[in-house]
Amino acid sequence: MNKELELIVGEINRYYVQIDDESLKALARAIVAAKRVFVAGSGRSGFAAQAFSNRLMHLGKIAYFVGEPTTPSIQKNDLLIICSGSGTTTVSLAMAQKCKQLGVEVATLTMAPQAPIGELSDIVVKIPGSAKRPDSRDGTVDSRQPMGTLFEQLCWLTFDALVLILMSQLGETTETMFARHANLE
């Protein structure tokens with residue numbers, strides 16, 4: 001096995017067990033109950049979040065990735081899911097604050113539940129990860145991968161685990177989801 005891949009898989013195996021199953025189930029329940037789901041994140045965390053919003057659409061949920069031109073206004077009975085390692089990302093914090101003013105439920109995937117976004121969130125899924133900046137102490141675990149890579153990988157996998165949970169809860173299959181897959185490719 002390639003030693004770099006072995007390192008990455010080893011870190012994922014070592015740290016994924018720290019992700020709380022009850023918080024995942026709570027988030028799945030909130031997604032099922034929500035009229036619409038808005039997903040947000042910046043940088044590489046945002047890529048994982050964007051992929052998750054795509055899978056939510058495949059699951060039959062009305063879902064938007066925040067920042068796209070077709071994203072409508074968020075309303076009561078909607079859910080905002082934020083992916084932010086530090087829990088302090090300025091634009092994501094502003095979104096969480098706006099949602100709290102509107103009475104919209106907020107969930108976050110973060111390394112820092114005690115950070116401002118986590119404190120504003122109704123549901124927090126704590127994801128292990130290492131600090132993005134070398135001078136930061138934001139990380140919760142040691143990783144040999146650069147910057148926030150481990151956090152981003154575990155977010156992607158956590159979102160994929162949520163898809164499997166939601167498939168069961170919503171009665172979806174690969175076939176029913178594929179029927180919603182883009183066909184203008």
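**Sheet, helices and a pocket**

Modeller: Strand 3 and strand 4 pair in the parallel sense over 5 bridges. Pairing requires at least two DSSP bridges between the strands, and strands are DSSP runs (E, at least two residues; helices H or I, at least four), numbered from the N terminus. This is a predicted model, where local features need pLDDT of at least 70 and side-chain atom pairs 80 or more, while totals for chains, interfaces and linings use all residues. Residues are numbered from 1 along each chain as its sequence is written, and side-chain values use heavy atoms, without hydrogens or water.

Biologist: What is the strand order in the open sheet?
Modeller: The order is 2-1-3-4-5, with parallel pairing. Strand 2 (63-65) and strand 5 (123-126) are the edges, each pairing on one side only.

Biologist: Which residues does Ile81 face in the neighbouring strands?
Modeller: Val39 stands opposite Ile81, and in strand 4 the bridge partner of Ile81 is Ala107.

Biologist: How many residues of strand 3 are buried?
Modeller: 5 of the 5 are buried, so strand 3 is largely enclosed by the rest of the structure. Buried means under 20% relative accessible area, exposed over 50%, partly exposed in between (1.4 Å probe, protein chains only). Leu79, Ile81 and Cys83 are on one side and Leu80 and Ile82 on the other. In a regular strand the side chains alternate between the two faces of the sheet.

Biologist: Switching to helices: which strands does helix 6 lie across?
Modeller: Helix 6 (residues 149-170) lies across strand 3, strand 4 and strand 5, at about 130 degrees to strand 4. Axes are lines fitted to C-alpha atoms, for helices over the stretch in contact, with angles from 0 to 180 degrees between N-to-C directions.

Biologist: What volume does the second largest pocket have?
Modeller: About 150 Å³, the space filled by probe spheres set on grid points joined across faces, edges and corners. A pocket is an open set of points on a 1 Å grid over the protein atoms alone, where a 1.4 Å probe fits, with protein on both sides within 12 Å along at least five of seven lines; lining residues have an atom within 4 Å of a point.

Biologist: Which element gives the most to its lining?
Modeller: Helix 4 (residues 90-102), with 4 residues. The lining includes Phe38, Met95 and Leu102.

Key. Contact means heavy atoms within 4.5 Å.
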